[in-house]
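Here are a few notes to go with the structure you're about to look at. Keep the viewer open as you read.

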Amino acid sequence: MKSTLALTRSFERPIRLLLVNQLTINIGFYMLMPYLAGHLSTTLALPTALVGLILGVRNLSQQGLFLVGGTLADRLGCKPLIVAGCALRTVAFALLGVADSLPVLLIASGLVGLAGALFNPAVRTYLAAEAGPRKVEAFAAFNAFYQLGILIGPLIGLLLDAMAFSVVCLTSAAMFAVLTVAQVRALPARAPSRPDGERRPGVLRDWHTVLTNRSFLLFSLAMTGSYVLGFQVYLGLPLEIRRVSSSELGVTGVFVVSAVLTVVLQARLTAWAQARWRPPQAIARGLALMGLSFVPVAVSTLWLKGPAPGPGPVAWAFTLAPALTTAALLSVATMIIYPFEMTTIAAFGGDHAVGTFYGLYSTLAGIGIATGNLLTGWTLDVGARVGLPALSWLALTVIGLVCATAVAALDRTAGLPQPAKAVTARTGAP
């Protein structure tokens, strides 16, 4: 089985450029965003409500405009959207580094979200088109580069933030400026696809098509659970680690475990799953594993009522073992799901509407994450209040199993499209 590096080398130049592009995007983004809230609340001394508003504008503009970004990628081509997104992030992050007034901060935050709405669907659409029958492998490599950026970015940001937050912002802006120029010069253009000999339907017709695709909407609803569960590395697991260890180092460990496992195992695990399961089967099994991932931390709440007694690294590691085990299992489950999930969405989009389908899918996932976070927080509070700290974790387990059952049911009723048969030989652009 190929390593991630060997898999990357097996692709043609456009796909390798897209992988490096996503790595750099995530480094630039995650070196800044984890420290933005602290800058707003501490350096600028903004009230918590305004901090929430500024961060919320970023999320709202990105999630709300994904469909627009995907549709534009289908109609204008992917490269212009990728370039525009990188250019907007350059401006936005530079503004965040110098802004000290609420209007400018809101504009900068909105531009950060708009940039993501433009290039995220476009990158995935471009990757799907270039990969042809090797979509599963391409998205496996994409996920490895994506996670590596999430690991490297905060470490660089931490070093630069020790000097000043403006240094973080301007460094990130400079990275996106270089990336913008690199995309203009090096990324081959792909003409937007059009039905042969036919006039392309209007935007509203495209949106009507995706919004009335019952199988796609049901699949998206089922997959929303995976995003709720995956987001617990940012919400539930850090809260649990702080509860049992009173340590931030353990929180860092969650991200390190997830990223390292993905970089090391993604290509091999995808090849293993691809040889044994059809895409819907891989997705359903991955969702089931996602749900079961929370069993270790659910069980641990029965005997870890607070910070572990006794000093020493052994006691500390023993205390963190359940949460880190959950993080590792979540990472493995995501590695199983992601390449097949992205390939299935591309199959829904066919030859001419892949970006539109990716865009709506991303919007629905964002809505699911927001709703899931509210419910997770509520169950954590209820569990603590009634003396059932495992309540939230058991609820997450049920969500994973229910979503797995839903995807398996869609597969049995022929509600999911069959992607083109995968190949492992070296192939060029379609």
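Which side chain meets that of Arg-134 in a salt bridge?

1. It's Glu-137, with 3.0 Å from N to O. Arg-134 is buried at a relative accessible area of 1%, and Glu-137 counts as buried too, at 8%. Bear in mind that this is a predicted model.

2. The salt-bridge count comes to three. Another of them joins Asp-206 to Arg-75, with the closest N and O atoms 2.9 Å apart. Asp-206 sits in helix 9 and Arg-75 in helix 4, so this pair ties together parts that are 131 residues apart in sequence. Both Asp-206 and Arg-75 are buried.

3. Then there's Asp-411 with Arg-278, where the closest N and O atoms are 2.7 Å apart. Asp-411 belongs to helix 17, while Arg-278 is in the loop between helix 12 and helix 13, so the pair links parts 133 residues apart in sequence. Asp-411 counts as buried at 17% relative accessibility, whereas Arg-278 is partly exposed at 35%.

4. Have a look at helix 13 as well. Its 14 residues reach 20 Å from first C-alpha to last, close to the expected 20 Å. Buried residues here include Pro-279, Ile-283, Leu-287 and Met-290. Leu-292, also in helix 13, is partly exposed at 44%.

5. On confidence, the chain's mean pLDDT is 87, and 90% of its residues reach 70 or more. Go carefully with residues 422–430, where pLDDT is below 50. Where pLDDT is low, the predicted coordinates should not be read in detail.

Notes
Residues numbered from 1 in each chain as written. Predicted model: local features only at pLDDT ≥ 70, side-chain atom pairs only at ≥ 80, totals over all residues. Heavy atoms only, no water. pLDDT = per-residue confidence, 0-100. Contact = heavy atoms within 4.5 Å. Helix = DSSP H or I, 4+ residues; strand = E, 2+ residues; numbered from the N terminus. Buried < 20%, exposed > 50% of the residue type's maximum accessible area, 1.4 Å probe, protein only. Expected span 1.5 Å × (residues − 1). Salt bridge = Lys/Arg side-chain N within 4 Å of Asp/Glu carboxyl O.
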